[in-house]
Amino acid sequence: WEDFIDIFTSPSQVFRRRESSGFGLQLLILTVLFAILVLGTKSLVQPVIDAEMSRQMAHVLKIHPEITQEQISKQMAFGEKLGPIFIILVIPISAILTGLVLWMVGKIFESTQTPRAAMMVATYAFFPKLLATVAAAVIAYFSSSDRLNGPTRLSVGLGALLDPDKTSPVLLALVARIDVFTIWETILLAIGLQITGKVSKTNSYIAAALVWLIGAIPAVLGALRS
C-alpha cells in the first residue's frame, strides 16, 4: 500500500522497489478504484455524457438521415448503460498499451527495460488518473449544465477553455492532451524509464514525450473521421 502513496510523492522509490516485480495486482487495484470513482461520480458528469452522445448522434444523422428518432433513442439508451463499463475497461487496456509503446520507444534510446517492467511503470503512471476523475467531479459540481457540453470541460488543462460546439474536433483532441494529469502521467513514464531502462534523464523525457504524442493519435484519427 506504500506504493500507492509513494507514486505521488516519491515515484522513483516505487519504480526501484518494483523494477523486477509484476504489475497484475497493481493494475487490478487501479481498475477497481477507477470503477468506484466513475460509478460514484456518474450523476455529476451526466450532462457531459448526454452532450457528447447528442453530438455523436447528430453526426450519425448527418451521414445516415434515414435513421428514425426511435432508433436514435434506443442507441442512446444502450450507450448510456454501456458507457461507464466501456470507460472502466479502457483503463487497464490503455495502461498495457501505453507500457508496450513505452518499451518500444525506449528501444530507440537503447533502453534495457523489459515489456513487463514497462507495463508496471505505465500502471503506476496511470494512478494520477484517479485524481483526474475526482477533479472532474468537483468541476462538474461547481459548473452550470450549459457549460458541461464536452469531456474537455472537465479537464484541468487548456481543453477546459474551449467550447466543444465551436472548436475543431482535431484541435480538441490535441489540446485534451495538454492537461495537468496527462503531463503528470508522462513525467512518471519518464522517471520509470530512467530507472527500469537505464536511460539518461534527457532521453527519458524525449521518449515520454513521444509516447505522449503517440497517445494522441487515436483521438485525432477519430476526430478526422467526424
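Me: Taking rings of Phe, Tyr and Trp (its six-membered ring) as paired if their centres lie within 6.5 Å, with planes under 30 degrees apart stacked, over 60 edge-to-face and the rest tilted, how many aromatic pairs does a search of the whole structure find?

Reply: The search finds eight aromatic pairs. Please keep in mind that this is a predicted model, in which local features need pLDDT of at least 70 and side-chain atom pairs count only at pLDDT 80 or more, while totals for chains, interfaces and linings use all residues. Residues are numbered from 1 along each chain as its sequence is written, and side-chain values use heavy atoms, with hydrogens and water left out.

Me: Ok, what geometry do W1 and F4 have?

Reply: The rings of W1 and F4 are edge-to-face, 5.4 Å centre to centre with 70 degrees between the planes.

Me: Which residues do ring pairs link into a cluster?

Reply: W1, F4, F15, Y124 and F127.

Me: Switching to helices, at what angle do α3 and α7 pack?

Reply: Helix α3 (residues 24-40) and helix α7 (residues 128-141) pack at about 5 degrees with axes 10 Å apart, the axes being lines fitted to C-alpha atoms over the stretch in contact and the angles running from 0 to 180 degrees between N-to-C directions. That makes α3 roughly parallel to α7, where under 35 degrees is roughly parallel, over 145 roughly antiparallel, 65 to 115 roughly perpendicular and the rest oblique.

Me: Which residues meet there?

Reply: L30, L33, F34, L37 and V38 in α3 meet K129, L130, T133 and V134 in α7, with contact meaning heavy atoms within 4.5 Å.

Me: Last one: is S204 buried or exposed?

Reply: S204, which is in helix α10 (residues 201-225), is buried at 0% relative accessibility. Leaving out residues up to four places away in sequence, S204 touches A190, L193, Q194 and V199.

Notes. Helix = DSSP H or I, 4+ residues; strand = E, 2+ residues; numbered from the N terminus. Buried < 20%, exposed > 50% of the residue type's maximum accessible area, 1.4 Å probe, protein only.
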